[in-house]
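Me: I'm new to this one. Could you walk me through how to read it?

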Amino acid sequence: MRRVLTILQKDLLRRWRSPLAPVVFLLFPFVFSGLIALAFGSDDDGRMPRFALAVVDEDGGIVARLVRGALGQDQAAEYLEVRDATLPEAMRAIEHNRIAGAIVIPAGFTQAIWNGERAELRVIRNPAQAIGPLAVEETAEFLALLLSGARGLLAEPLARIRESIAEGDGAAARGGGAKGGDAHGEVKRLRDWADDAQVAEISILVNRAMAGAGRFLLPPAIRIEKAAAPGVPIPRQSAGDAADAAGQAGAGADTTGSTTGGSPANEKPASSTFRTVFQFVLPGMAAFALFILAVGLTADIFAERRAGTLARQMAAPLRDVELIFGKMLATVTVGAIVAALMALIGALLLGARADPAAFVLLALTFLLAVTGFVTLLYGFARNEQRGATLASIVLMVMAFLGGSFIPLDSLPGFVRGLAPFTLNYWAIEGFQTLLFTDGGIGSVTTALLVFLAVGLGSGFGGAALLRRQLVRGE
Amino acid sequence: MLSVQNLSRFFSGLKAVDRISLHVEPGEIYGLLGPNGAGKTTTISCVSGLLAPDEGTIELDGLALAADPIAFKQRIGIVPQENALYGDLTARENLSFWGGLAGLRGARLRERIAAVLREVGLEERAREPVRKFSGGMKRRLNLAIGMIHEPRLLLLDEPTAGIDPQARVRILDTVRGVARAGTIIVYTTHYLEEAQDLCQRIGIMDHGRILAEGTLEELKRIVGEGEILTLRGRFEPGEVEQAIAGDAGVRLVAVESGQALLATGGERGEAAALLARLLKAGLPVADISIQPPNLQSLFLKLTGRELRD
């Protein structure tokens, strides 16, 4: 073990004296993420085009009007030009290629929501356009998600409202009053029949549901459309933004309980989109950079062979495996130092915080996995040139499949299915979880186990193959 | 004592080392002399444990390399042909690393670093990065690393290749000093003068085999009193053989590329008489050189090639 540490000490000293590669790979994720954020996160000239969309309201109920109203909100209006239309008008607009598509709210939609039954939104896509219809479809999917969440969230208050109405209807029937009608009418009847105590009870139920769910529901509702695709962890905002959002959420819950309480357009400073894209891209780029760094550091054993120092070490009184593990440990350590500095710079730049123990553990196990994996590749390849070629190919494929270059939700389904077979995927998942959801070690257990398994398995296998290669002088 | 018995090593079916045996006593400098590709480095690599021999045994003071490679390697130092150094580290840091690998720690390590730096004359440059060193300084540091842990056996593989005469003298003096302290030394070179000046015994190696072995005087006796004539000219095929056909005391060593090497018997003045006969026979000799008995002539006699080949 002493000799392994001697090799580690020597390699750390060498890196300290020639720090170019670690410094380049330390800065790379920040520079590259910044460029991507500049290209795609600009609020000025890089503004996304607006898509024209028709809303066909065949329902006319209160929920349908809420949907229509939501599409007219500031944030949605930034990307969507929403027009009210009848179905024939919408079809004509599509035929003349004036709109990207239409969302049809069929008759009975509000009633179905009200009754807790299956409700349906219909989307008509303009086949003459490529991207616009996708935006319409995404919008409809988001609305469906939002409504489903709201209905689940407010199930208890809705049931209580229905009970109150039923009690009121019963009293009216006994007194010969009106009953029946749609949801809009039922709200009116609730006002008529419920006494103050019942209204207060229902208000408290709504308030409790919103307060409990607000911090989960509201930020995604705000941020999904700004940067992240659904299903991807959402970057945490800065302290100021978070305070604003919390205040808005609290205000909404206190007054109306509306899920549209946080106005995205109002809370978005000039640089927020840049920051959000930057935060979103950074973990993937960091994983990619650490991977490349590990490839370079692992190849150092071949550089030592060319320099003659490897042969001299093999003639020294240490086992070949000690020599290889010493080199691997140096790679893991240098990588861990670079990862720690990345985290520090990230924290200073973005105000992002993570559980330090979990972060260090995740970074170390990731580097162990990467180092072991790269050693295995070099061991299989049987010489430096083939090893470098193989490692580069595998690295690029893993980076692509794992989401380092393109967000996974933008990739086809079969590619997303392959993502968990890459180290990049688990690194991105893990680091985003730690950075943006206040998660601890428990939240990244799967990633830790994957890294440990890959690191130990491929590390021992790679060391054995590499040893054979070095001893044979291949 | 270093004892190597019937050592063989193959590369892709070719014998790089072919049944070599040698024995070297403590304090003795044993020279392996031969041209590039003779098998010297392969022999050193096998003895140092870098390459596993295909046949044969290697023992140092009765400890077999195959039985306990780590303990065996603990007792040897190697000075490879290339300067196996870390350019980004200082001389002291290089020595500290290699000493650490050899098991030295703390005060003992510091003491040895100071001692070897003194021996090779690099105390003043100890804190400079090695990449700033001249070729000769690197060679001296390369040697110092091999000696850092005071090995029982020091293997030097052409340690003076490509350096200036001053640095060479310094290295040779250092090696002599190490030998005087009782270290067993195996020294490979293709410089005849070095082998003659430095080594108590010399093994002449070519094509993976030791062709002759002994002290310088013993080797000279193998050559005998005869001389080597090198004739240059435009010789027709078979012309030289025909010209010396009647001389029983003359042996044709080699004819190639307009050059013929002839070995004479032990009679004084025989070379001059031979030359006169050849000229009289009409052999188109343009140039001639006559060498007295030395390692070069021995090597020529044994291999038919000059050592620089």
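Reply: Let's start with one pair: the side chains of Arg17(A) and Glu93(B) form a salt bridge, N to O at 2.5 Å. The model is predicted, so local features need pLDDT of at least 70 and side-chain atom pairs pLDDT 80 or more, while totals for chains, interfaces and linings use all residues. Residues are numbered from 1 along each chain as its sequence is written, chains are lettered from A and ligands numbered from 1 in the order written, and side-chain values use heavy atoms, leaving out hydrogens and water.

Me: What counts as a salt bridge, and how many does the rule find across the interface of chain A and chain B?

Reply: A side-chain nitrogen of Lys or Arg must lie within 4 Å of a carboxyl oxygen of Asp or Glu. Across this interface the rule finds 1.

Me: Which helix gives the largest share of the side of chain A that touches chain B?

Reply: Helices here are DSSP runs (H or I, at least four residues), numbered from the N terminus. H1(A) gives the largest share, with 8 residues.

Me: How do I read the buried area between chain A and chain B?

Reply: Buried area is the accessible area (1.4 Å probe) that two parts lose on being put together, summed over both. Here that comes to about 2,300 Å², with carbon and sulfur atoms giving 62%. Arg312(A), Ala315(A) and Pro317(A) supply 31% of what chain A buries against chain B, more than any other three residues.

Me: And how many residues are in contact?

Reply: Contact means heavy atoms within 4.5 Å. By that rule, 23 residues of chain A touch 28 residues of chain B.

Note on methods. Helix = DSSP H or I, 4+ residues; strand = E, 2+ residues; numbered from the N terminus.
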